[in-house]
Amino acid sequence: QITSLQEDMEYIEDYLVIQKTRFGERFQYQMDIGPECQHIMIPKLLLQPLIENSLKYGFQKKAEIFVKVRGRISGSYLILQVEDNGPGQSEDGLESLRSILRSGEINIVHNGLQNINRRIVLEYGHDSGLTLANRDSGGLTVTLKLWIKEGERKRV
């Protein structure tokens, strides 16, 4: 199902409030979505599994987690990022995840990331997709690059 980024972020905000209630001061978050992004259409709940991963894997090794969700337009692309201050990934682990994203084979362990990437590539093409990078200060950044379709650009 397709929805505007603005509507999707309302669902994400509700989810984050629930997690904040659950984890209290151990969980902090920030949303930084540019107003120019609000009317871009995206698959519904595209970011929620990425935020869930930040919490799931972050709390395995840290007592407190901070998640930041960003959105901006860059040229013909909507760039969405979910970054956290969790443990990040080893270089081998990161390369393994990247390999899974490039692979056409179904991966049972990391199928959430793989499914998100497939949805993006199939729906948006044009060099769209998901990338992963460790943050210099610790944690992980997941970036989604979505080509903005011609009709959507006019709404920005």
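Over which ring does the charged end of lysine 145 sit? That ring belongs to tyrosine 77, whose centre is 4.4 Å from the charged end; such a charge counts when NZ of Lys or CZ of Arg is within 6 Å of the ring centre and within 35 degrees of the ring normal.

This is a predicted model, where local features need pLDDT of at least 70 and side-chain atom pairs 80 or more, while totals for chains, interfaces and linings use all residues. Residues are numbered from 1 along each chain as its sequence is written, and side-chain values use heavy atoms, without hydrogens and water.

Now the sheet. Five strands form an open, mixed sheet in the order β2-β4-β5-β7-β6. Strands (E, at least two residues) and helices (H or I, at least four) are DSSP runs numbered from the N terminus, and two strands pair if DSSP finds at least two bridges between them. At the edges lie β2 (27–33) and β6 (129–134), each pairing on one side only. β2 runs parallel to β4 (residues 65–74) over seven bridges, and glutamine 28 stands opposite phenylalanine 66 in β4.

Angles, from 0 to 180 degrees, are between N-to-C directions of axes fitted to C-alpha atoms, for helices over the stretch in contact.

| Helix | Strands touched | Angle |
|---|---|---|
| α2 (residues 48–61) | β2, β4, β5 (77–84), β6 and β7 (140–147) | about 150 degrees with β4 |
| α3 (residues 91–102) | β6 and β7 | about 175 degrees with β6 |

Terms used: Contact = heavy atoms within 4.5 Å.
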